[in-house]
Amino acid sequence: MASLSSDEWRTICDKFTNAQNLTEVESRNDPENDPFRSKYKARELLREIYCSLKSFEAGEGEEDSGGESGDQRPTEQPVDGQREDVFGQGFSGDSPAGLRAAKLGAVEYYLGVNHVDTEELSAGREHLMNCMKQLERCRVSCENVSLFIHVRNQLGILWAGRDETETAQGFLETAESIYQRYMKEDGSPPTDMTEYFTTEENLLTHQERTKRFELAYTHTMYYLAQVYQNLGETERAAIYCHSTLQRQLQLNQFNPMEWALNAATLSQYYITKGRYMEGRHCLSAATVISGLAGEVPSEAAAQESETESERREQLRQKRAEIARCWIKYCLNLLRDAKKLLEDNIGELDTDRQEELKRERRHEEEEEEKGRKSALLFGSEDTFDSIASLEEKVHCLLPLDFTEARAVFLVGQNYVTQAKEYFQMDGYVTDHIEILQDHSSLFRALAFFEEDLERRCKMHKRRVDMLEPICTDLNSQYYLLIHRQLMFELAETYSEMMDLKLTLANRQADTQSLDNHTIKKFNHLCSASAKYFQMFLDSLCSPEGKFPEHLEEEVLRPALVARFRVARLHSRLISSIPSVQLENLNRSLENYKYVVQYCEAHPEAAPAVETELELSKEMAGLLPLKINRLKARMAANNSGMPLLTD
């Protein structure tokens, strides 16, 4: 190969520098009607470099082992991992033949990336595979290991984009194993691909080489995280995503808001697995790192500058999304605690509560051990800030009202933050989902509240936030959300009704209920039945006919709503026999519907086992009660005295 100091070689280096500048800088300013203008120019320069390299080689009387000319390309595509030992076979990386193969491979690599960038994927893949073909002739060394990894990263991206996930996995896992073995057996700062076409005075420092190489491997891990996610290997995906985020911080190669949003998203995986310490750590880091993006520009600044307007929108939106992840954290923490503490009727099991409190000290010790062994985010600048934020939020399941309220208040604070951006005007679905989460926070907290009056007030807060939305929402456009709101309101009114009755029964037996209590009880009972019936009506055809066959997504809710309507009508209190009879008949009608539907559709029975069993029982008992009431009404109407036992 020609000497690095020769005029020809300097010309090649200049062309490469120009191609890089066109690709990375000039292309940003290309016009919309010619978006790839700079990249096409870069492509021509790369082709010229390739031809020059081949002509130098021919002039020196050296040939490729395959005997290919400058215009030929390998027709057979090598399979990644074809050679058993990429470290022990082939040309030495620092030999003339090894360096020549690496340089030709690098040009093929850059041509491949260029074609992919201009949406010519088949040509891009061909060039990348040609790069692989060149590298097959060499063994891995510090002179070429970076190229070995980069080309596999690009092929991994390319195949993943074509939904060939397992093929992508093969390239990326090979890149990973090459990195790991190189670091174990050599570990010296490897030559960067750009240095193949750089004059000696412009070579990179060891520190910069290391940084670029580590960044290439960080990309490998990032792409593998996505591949594992697509393959359904969520735990592996989470591990690789976590490591990617940590490496980005260490290398100081990240966009603060993108990094923060990725960390917040990762927290949701940990939350679903009950790993709240890791989830809290991700969210704390997300909050701290998002702060590195700076203050949100004011409305006035946004109106004066399009750039500031876009920045304001981006910062507000992504911080609101992080706030929503915090809400889910708090909500799931409370829900998991409830599942752990509730008895078989959904009330607080105090014996279980005391047992868990005695075990708490051991849990705290395990938390501290887990924290020491965990892969923690942060640098010298951010680690203390992240740890400080973590201390303000529990990661152990709350065991009493005081602990649950602390979690609730954190969640409620983030509800306020999220609603500032996701307002009803413009973000209807998001705004309502946040309100539903707020309602769920109150519901979860109510479980821990021993005072039934205060518990009832918490449910009233839920009604107050959801009912106006449910009333105003256009069900034509937001049918699914409207159904969710109707069902939740029905359940909330039902819970309030049960609490009011329990309170009244503590003060006197049912026969002694005063008119005010009966009126309140009936109001709550009727409101619950109304919303359940509204939900059922939403399933009807435009002609008002209820479907003969319920779709899977509404099967259980519809049958449960029928069951609950039946139960509610049987519980309404009235001193008027005709009203009592009407309520009992409506109750029987709905119980019978549940039974008859499951008889006609046996596959539906497993979805409502408990409700079906009770419906059968009530469908047998209610006719007797109805007949007794009819007999009493008939006797009263005829003036005949009722026979008594």
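Visitor: Why is Y40 called partly exposed in this predicted model?
Guide: Its relative accessible area is 36%. Buried needs under 20%, exposed needs over 50%, and partly exposed is in between. So Y40 counts as partly exposed.

Visitor: What makes F36 buried?
Guide: F36 has 19% relative accessibility. The cut-off is under 20%, so F36 counts as buried.

Visitor: What makes F36 and Y40 an edge-to-face pair?
Guide: The centres of F36 and Y40 are 6.2 Å apart, and their planes are at 75 degrees. Pairing asks for centres within 6.5 Å, and edge-to-face for planes over 60 degrees apart, so both conditions hold.

Visitor: How many aromatic pairs are there by this rule?
Guide: The count is 28.

Visitor: Why is the pair of F16 and F197 called tilted?
Guide: The ring centres lie 4.9 Å apart and the planes meet at 35 degrees. Stacked needs under 30 degrees and edge-to-face over 60, so this pair is tilted.

Visitor: Which parts does the pair of F16 and F197 tie together?
Guide: F16 lies in helix α1, and F197 in the loop between α6 and α7. These parts are 181 residues apart in sequence.

Visitor: Are F16 and F197 buried or exposed?
Guide: F16 has 4% relative accessibility, and F197 has 1%. Buried means under 20%, so both count as buried.

Visitor: Which residues do ring pairs link into a cluster with F16 and F197?
Guide: W9, Y109, Y110 and Y196 are linked with them.

Conventions
Residues are numbered from 1 along each chain as its sequence is written. This is a predicted model: local features need pLDDT of at least 70, side-chain atom pairs count only at pLDDT 80 or more; totals for chains, interfaces and linings use all residues. Side-chain values use heavy atoms; hydrogens and water are left out. Rings of Phe, Tyr and Trp (its six-membered ring) pair if their centres lie within 6.5 Å; planes under 30 degrees apart count as stacked, over 60 as edge-to-face and the rest as tilted. Helices (H or I, at least four residues) and strands (E, at least two) are DSSP runs, numbered from the N terminus. Buried means under 20% relative accessible area, exposed over 50%, partly exposed in between (1.4 Å probe, protein chains only).
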